[in-house]
Amino acid sequence: RWSMKAPNWKVILAGFLFISCLFLIHGYRVYELFRDIVAMQTPIGPGGSAMPGSPTPVPAPFPLLDGLKPRIRLPYTLINLLPTTYGKDLLSSASFTQKVQELGNPQEADAERDSRELLSRVKMHMASIPVIPPNPPIIVFGSNPSRYREIRETGKYWVILARLMAPKNRQDAWNMLTGPFLLAHQLEAREAGGPSGLSLIGKMIALALRRMASIACMEILSEFPLEPVFAREFAARIELFETQAASLSQAIGAEKGILPGIYRELEVTPPSEIVLKYRRPLNGIRRCLEPTRLNPLLEKFHGRYEKACGLPFAKGQRLCSEVATDLELLSDKWGAPSIDLLPYFFRPEDAALEFLFSLSVPNLRKVLEQEFLLIMQMRGVRIGLAANAFYLEKKEWPKSLPQLETWWGKPLPQDVFINAPLQFISGSPPQIKSVGPDILPGTGDDLTIVPYGL
């Protein structure tokens, strides 16, 4: 009678051991899956590529860039003299000249040789500006070799060379300023035509090059304006580089295609050939990236980012902010684990995928603003060229935008932030302004195009 009432400890112990083994085995699978996810984001050296089947990144020749890196040992202060915001911290000629004098005569001789070589290369490459192709249909992760720092620093060097040339030959200086615009365009074309498509970091480096060159154009224009004929020619170049540049949505599209590309490679590659960070992954990583699980997250984040790029600035900025908020919520969810995540223990693929998105999806809250700001800066160069050329010919400033437009012979660009004409305040010189990213006139972020730096 007692044995019938007493608990069966053997059954209880067996059940406990069974559940413990189940949790242990399942926990190990979860652990291995997360190791695979982390390994998948790590660049791979000898022994495995960043993605199964992807080629080992090898820097390709870059004819415009190679051999024109900073041979002058530029002081750190000089490398960073260029202003980073439009109309802010404007570099004065006196401070620039003083810093340049720190270089000494031998380095100036190198600058002369590099300037001649840059002018020759710009002339040659302007004759065949590449068309930026669409991204490949299947993105191969990790195949773009990184030369971004080299490209960025070389662009700064070219801008400095142009500024040094301006007092000697203003037309040569302006031709040299074509170099960073051309370098940005070629970078986008090379990446977009490669197996990985146009990366987001490649797009941002190209954006930085164009911003540096645009700011330098406006700084030089205020001191060394161009005659009308050459001003029209250079303005046409800037318009070409603006209209033919790769869109931000193309870079987002390449980011969006990375995980589907990895899934495809995992599907077609024999398991014995797959190596991630010297490890052979389990099948869980395939289940993690299945389209039914992956596509909703891609559309929630990357898809809405792509949509924002095609909207007017204010609407696009609002949508980007909404996506960024959702991304921050996802990051907070996995950045501070709580008991609410316990159900994911039994859905490790969902957990791993959300964790991967929280780490890898970029927050583009400010990137769209930077893209529009760049467009306005490039348009500002064209308008500044027109206004200063008008003054050189007529010895007076235009009284209105329509008068300037009629004399220029073609429509002037509009304010990109509101798709409306720029503000024009009569004077000598007049003030030509954009409302800036807050789309409100008379605020601190207004962009003054003429006179620059006001």
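Hi everyone. A helix here is a DSSP run of H or I that is at least four residues long, with numbering from the N terminus. Please keep in mind that this is a predicted model.

Let's start with Glu371. You will find Glu371 in helix H16, which covers residues 367-394. Is Glu371 buried or exposed? Its relative accessibility is 11%, and buried means under 20%, so Glu371 counts as buried. And what does Glu371 touch, leaving aside residues up to four places away in sequence? The partners are Lys203, Leu207, Ala246 and Leu248.

Now to the aromatic rings. The count comes to nine aromatic pairs. One of them joins Trp174 and Phe234 edge-to-face, at 4.9 Å centre to centre and with 80 degrees between the planes. Trp174 belongs to helix H7 (residues 170-192) and Phe234 to helix H9 (residues 228-243), so this pair ties together parts that are 60 residues apart in sequence. Trp174 and Phe234 are both buried.

Next, have a look at Tyr391 and Trp397. Their ring centres are 4.6 Å apart and their planes are at 25 degrees; planes under 30 degrees apart count as stacked, so this pair is stacked. Tyr391 is partly exposed, with a relative accessible area of 35%, whereas Trp397 is buried at 13%. There is also a cluster, in which ring pairs link Phe313, Phe372 and Phe417.

Finally, two arginines. Arg190 lies over the face of Phe62, 4.0 Å from the ring centre. Arg232 lies over the face of Trp407, and there the distance to the ring centre is 4.7 Å.

Terms used: Residues are numbered from 1 along each chain as its sequence is written. This is a predicted model: local features need pLDDT of at least 70, side-chain atom pairs count only at pLDDT 80 or more; totals for chains, interfaces and linings use all residues. Side-chain values use heavy atoms; hydrogens and water are left out. Helices (H or I, at least four residues) and strands (E, at least two) are DSSP runs, numbered from the N terminus. Buried means under 20% relative accessible area, exposed over 50%, partly exposed in between (1.4 Å probe, protein chains only). Contact means heavy atoms within 4.5 Å. Rings of Phe, Tyr and Trp (its six-membered ring) pair if their centres lie within 6.5 Å; planes under 30 degrees apart count as stacked, over 60 as edge-to-face and the rest as tilted. A charge sits over a ring if NZ of Lys or CZ of Arg is within 6 Å of the ring centre and within 35 degrees of the ring normal.
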